[in-house]
Every structure is written in structure tokens, then in C-alpha cells.
Amino acid sequence: MSLLPQLRYPTVTQLVSSAQALAARRAGLCVLRQVGVSRAGRPLHLLSVGRARRAVLVVAGAHANEPTGGPTLLALAERVLCERELRSGTSWHFLLCADPDGASLHRTPAPRSLFDYHLGFFRPAAEEQPEWSPSVLPPHRLPPETRALTRVIDELRPYLQVTLHGTDLGGSWVQLTKDIPGLAEPFAKSAAELHIPVETGASDAAGWAASGPGVHVMPSPGAGAAYPSMPDDARHSTWYHTHRYGGLTAVVEVPMWASDLVDDPAPHPAPAAAIRRLGRRLLRDGLEVERVLAEALPRLEGVEGPLLRAAKWALELVPGLAADWMHTPPADDTMAYVGSVDAFGRRLPLRAAAMLLRILQEADDLAAPRLERLVATWSDAFAARFRARWVPLEHQVEHQSRTVVAAALHARERAA
């Protein structure tokens, strides 16, 4: 019987219960142990399958608003147990949730629309994200989740770390800290079979080299950033911690809602002008949320916490990012890239508004109904512009699982 919850995103408690059942059922091969605690004292669990020194580490839950990684991790653990070839000379290790505190704040029961998704939205500020905090904080201020993750990497020395990420609306893509030759073909085949578009011009990978459609290789340290205003840098994240042991990291992104507008490699007729317009819209939308926040803050005296910190952090990114888009030549000139920037520009103020809405609703603030209408309007416009279609959860999980296995097998050949 599969331990994967059917057609829903499991909570961290459900993930742990499933992992405990799996470890009990296959006690000769599986071990579940605690490897740290969160800032709020929640345990961080690692499920290990096999004991070989050559290791793969899979991390779920690094971003609270990307819930597909949890069920993917369970599906992968079961697949590794069923397929002896995957365990041949290789141990697999699964960090069930890198940020259980964040997971407790983001609520994704079974969203029927982007508006439903945003009603329970939470994504912490960069310094509170386990993988990203080293890019913005000095070592002595790193959160315990980050320290636990790097300890696991130091212990296992994996030849491959895979971190399971996702996007609300768009396509699938992979980010690599070093190239994995041969990965692009099975990745593309899986996406095509499951009707998931490949995000060929992902704004997250702007200006990076591609070893195949949707497979992006991060630039070396010292290379210029496509968006100079952004305070964090992937090259200082925990993704690069594997390099000290000769390993690499693959970040596998999969969408909840798909859009066929993000996989069009055709040249855009006027990319610079289009992105300047998107920059102006980003400023306008950010200011609209700023006005609601400024009006409500005097009534929120004494209110503090991760939701407010995250909403303020998202709004602080807006002016610099808008300036990057309006005054820096585009990193790519394709329809797919302009579409990805369009999505990014809608996403940032919408997320800030959604988190502020939760705060205002909790305080029963008079501005809550107006902000709720704004979140609903922006969510619906986002879905309509990109012709969003739901990707069945089993397809999200299957595609992410296939990509992880392909990355592990091809990276193992590279490391041999």
C-alpha cells in the first residue's frame, strides 16, 4: 500500500507519520532520525535508505509555499526501496522538511484557484529561509535550520543534493550548480508525457547558460547578476555547500498551475520595451500595497511576526527590481523570458498583499475587505493572462520524481 496521501498536500506531521511507517516496515534498510530543531523547536527529520558511502540527499520544504516536495519525497523513498538498481552502491537520504516553522504558516489544503492558494500564503523573508540565509547573513547569525542542513551535508558528503522546489504558475525547470550531461533529454521527455510546459526562459535563471531547454547551469562566483538589486545570491546559498566535497546541487521546479506561455523560445518583437512596461507595473502595484500597509500600521501597533516581516521584505524588493527591469538590458529576448518576468512582476506584490491580508483579517482591520478584493482581482488576472491550468498533483510528483532519479543516475556517471 502506498504511503503517499492521495490528491492532497500532506502536512509535516503527516510526512513524519508516513516516514515512520516506512521505516518500521523496512527496518533493515530505513532509518528515521532527528537531525536538528527549528527556531520554534520543531524537529527536523532525516529518512535514510541504505548505508553506502556514496550518497544522494533530497531536501523538501525549503520554501513553505512550495508544497509538492513533500509528497515527491515520499514517492521517491518508496521508489528507491522498490528499485534495487537505485540503491546499488548508493544511499538515499531525505530531509522531510527544511522549514517546519514556515510550513506551519503556509496553508495549502486543496486549492481550487490561485485566489484560494493566496488566502493561505506564506513565504518568509530571505534571512529566515534555510537555503538562502547564508546569502544575506553572516555565519554567526544563521538560523538553526540552515546549520542542521549544512551539518547533514558535512556528514553525508553527497555527490548530489536535490532540493525540491515549485512555482505557483508557470512551467518546470532545473537549476544546477554544475552541469549534469544527459539530464536535459529525460527531463524534457517527462514534461512532455505529463503535459507540463518547460520554462525555457525562467527569470530565476536569467543570463545563465542552458545545457538543454529548461536546464540551467548557475554562473561561477564573480559573474555579474542579471538583477543587481536583488540582495541574495544563489552562489552563497546552501546549494554550494556540496562543492567542498566534490558534489553538486540540482534544484527541480514544478508548477501547480501550468502555462504554455512560458515555453515559447521565439524572439519577442520588443523585449526591452515590454520589460520596461512590466517594471512600471511592478512599481504601481507595489505602491498600492504600500499604501494599504501605511494606512493600517498605526492600527496594528504591537503586531509583529513572520507574516509582517515577510510582507515588508517583499515590498522592499520592488523598487530595486523595477529599476533593474527599466534600466538594464534584458538578459534574454525570448517570448518565454518576457512571460516569466511578467509572472514574477505579478507574483511579488500579490504575495505581499496576501500576507498583509492575513494580518489584517486576524486583526479584524477595516482595510481587510478592500485588500481581499485586490488579492482576488490580481489572482484572477494572473490566472487569466497566463491561461492557467491545474497540473494534477500526481503529475507534479511523477515529473519531479523522474527528474530526481535521472539527475542521480547521470550525476553518478559523472562522479564515477
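A residue is called buried when its relative accessible area is under 20%. Keep that cut-off in mind for helix H10. This is a predicted model, and in it 25 of the 28 residues of H10 are buried, so the helix is mostly covered.

Stay with H10 for a moment. The helix runs over residues 335-362. From its first C-alpha to its last, H10 reaches 41 Å. That is close to the 40 Å expected at 1.5 Å a residue. After the helix comes Asp364, and its phi is positive, near 55°.

Ser340 lies in H10. Is Ser340 buried or exposed? Its relative accessibility is 3%, so Ser340 counts as buried. Which residues does Ser340 touch, leaving aside its neighbours within four places in sequence? Ser340 is in contact with Glu199, Gly201, Ala202 and Ser203.

Next, turn to strand E9. The strand covers residues 248-258. Here 11 of the 11 residues are buried, so E9 is largely enclosed by the rest of the structure. Which strands pair with E9? Take them in turn.

Strand E5, residues 160-170, pairs with E9 in the parallel sense over 10 bridges. To find this pairing in the model, look for His165, which stands opposite Glu253 in E9. Strand E6, residues 173-176, pairs with E9 too, but in the antiparallel sense over 4 bridges. Then comes strand E10, residues 389-390. E10 and E9 pair in the antiparallel sense over 2 bridges. In this pairing, Ala258 stands opposite Arg389 in E10.

Last, look at the cysteines. A disulfide is a covalent bond between the sulfur atoms of two cysteines. How many disulfides does a search of the whole structure find? The search finds 0.

Cys30 has a relative accessible area of 5%, so Cys30 is buried. Cys82 has a relative accessible area of 68%, so Cys82 is exposed.

Conventions. Residues numbered from 1 in each chain as written. Predicted model: local features only at pLDDT ≥ 70, side-chain atom pairs only at ≥ 80, totals over all residues. Heavy atoms only, no water. Buried < 20%, exposed > 50% of the residue type's maximum accessible area, 1.4 Å probe, protein only. Contact = heavy atoms within 4.5 Å. Pairing = 2+ DSSP bridges. Disulfide = S-S within 2.5 Å. Expected span 1.5 Å × (residues − 1).
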